[in-house]
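Let us take a walk through a protein together, one step at a time. Please keep the picture in view as you read.

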Amino acid sequence: MDYEDIELQVKLLVFGAIEILSGAIILVLGIFLGSMQGIFNFFGDFSFFTFYTGYPIWGPVSFIVTGSSSIAAGRIPRRSLIFVRIGRYLVSAVITVVGVVLLSVNLFLTNEWLKNCPLSGSPELCHYMGTSNNGLLSLMLFFTLLEFWVTTSTAITWLTAVARQRLFLYYQARRFGAGFRRVKI
């Protein structure tokens, strides 16, 4: 086992831990957002748009699964499963983009709703609910962007490892000629 393999394993373990933690934080924030909706239920038409899409549940679960896959790959690296894992990271990246869009739309709708708050008799409640909702959504957006960065970094790390190994095999084949047995990745 050389330095590059150890470096790959460490990166996968760190990226996996970050993915699991950010997924867990988004899940907790989503549960808190849902409980806030149940308590105050004041948004009427689009009441916590992101919560109704289910993103606070299926997004973090996907991130936790991908993070667990990164940790498993870091502990037991198998080159044969590289493309399956890269596909999983790309799916996770698509989920983060969908999450960023949903959270951004919800932030926009909340700000539009606050301009014409239907609770005109209680402007303090409008202000409290708007800032609480925007704060939770902003935190979820931050951790979703962090998740996107980690997911793309992990996919790039895997692709670099694949390219490095293929380059090594190519030079070995050129060096030893036809007597070198080609190994499939």
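Which residues does Thr66 touch, not counting residues up to four places away in sequence? Thr66 touches Glu19, Arg88, Tyr89 and Ser92, where a contact means heavy atoms within 4.5 Å. Before going on, a word on how to read all this: the model is predicted, so local features need pLDDT of at least 70 and side-chain atom pairs count only at pLDDT 80 or more, while totals for chains, interfaces and linings use all residues. Residues are numbered from 1 along each chain as its sequence is written, and side-chain values use heavy atoms, with hydrogens and water left out.

Now step back and look at the whole chain. You will find 5 helices and 0 strands, and reading along the sequence gives the pattern α-α-α-α-α. Helices and strands here are DSSP runs, numbered from the N terminus (helices are H or I with at least four residues, strands are E with at least two). Of the 185 residues in the chain, 40% are buried. Buried means under 20% relative accessible area, exposed means over 50%, and partly exposed lies in between (1.4 Å probe, protein chains only). The accessible surface of the chain is about 10,500 Å², and 68% of that belongs to carbon and sulfur atoms; such areas come from the Shrake-Rupley method with a 1.4 Å probe, and for residues only the protein chains shown count as cover. Among contacts between residues at least 6 apart in sequence, 80% join residues at least 24 apart.

Back to Thr66, which lies in helix α3. Thr66 counts as buried because its relative accessibility is 1%. Ser69 is in helix α3 too, and at 8% relative accessibility Ser69 also counts as buried. Leaving out residues up to four places away in sequence, Ser69 touches Arg85, Arg88 and Tyr89.

Next, let us go inside. A nonpolar core is a set of buried Ala, Val, Leu, Ile, Met, Phe, Trp, Tyr and Cys residues joined through side-chain atoms within 4.5 Å. The largest one has 16 residues, and those with the most contacts inside it are Ile26, Tyr55, Leu103 and Met140. Two or more residues of this core come from each of α1, α3, α4 (82-115) and α5 (123-176), with the largest share, 6 residues, given by α5. Apart from this core lies another of 8 residues, including Leu8, Leu12, Ala73 and Trp158.

Ile26 is found in helix α1 and is buried, with a relative accessible area of 0%. Setting aside residues up to four places away in sequence, Ile26 touches Tyr55, Pro56, Pro60, Phe63, Met140, Phe143 and Thr144. Ile26 and Leu139 are 113 residues apart in sequence, yet their C-alpha atoms are 8.0 Å apart in space. Met140, counted in the same way, touches Ile26, Leu29, Gly30, Leu33, Tyr55, Pro56 and Leu103.

What about aromatic rings? A pair of aromatic rings is described by the distance of the centres and the angle of the planes. Rings of Phe, Tyr and Trp (its six-membered ring) pair if their centres lie within 6.5 Å; planes under 30 degrees apart count as stacked, over 60 as edge-to-face and the rest as tilted. A search of the whole structure finds 3 aromatic pairs. In one of them, the rings of Tyr55 and Trp58 have centres 5.4 Å apart and planes at 85 degrees, so the pair is edge-to-face. Tyr55 and Trp58 are 3 residues apart in helix α3, separated by about one helical turn. Are these two residues buried or exposed? Tyr55 is buried, at 0% relative accessible area, whereas Trp58 is partly exposed, at 35%. Phe142 and Phe143 also form an edge-to-face pair, 5.2 Å centre to centre with 75 degrees between the planes.

Ile31, Ile57, Val61 and Val65 make a nonpolar patch of about 340 Å². Patches consist of residues with over 30% relative accessible area and no salt bridge, with like charges joined within 9 Å and nonpolar side chains (Val, Leu, Ile, Met, Phe, Trp, Tyr) within 5 Å. A salt bridge is a side-chain nitrogen of Lys or Arg within 4 Å of a carboxyl oxygen of Asp or Glu. Helix α3 (residues 55-75) gives the largest share of the patch, 3 residues, while Ile31 lies in helix α1 (residues 3-40).
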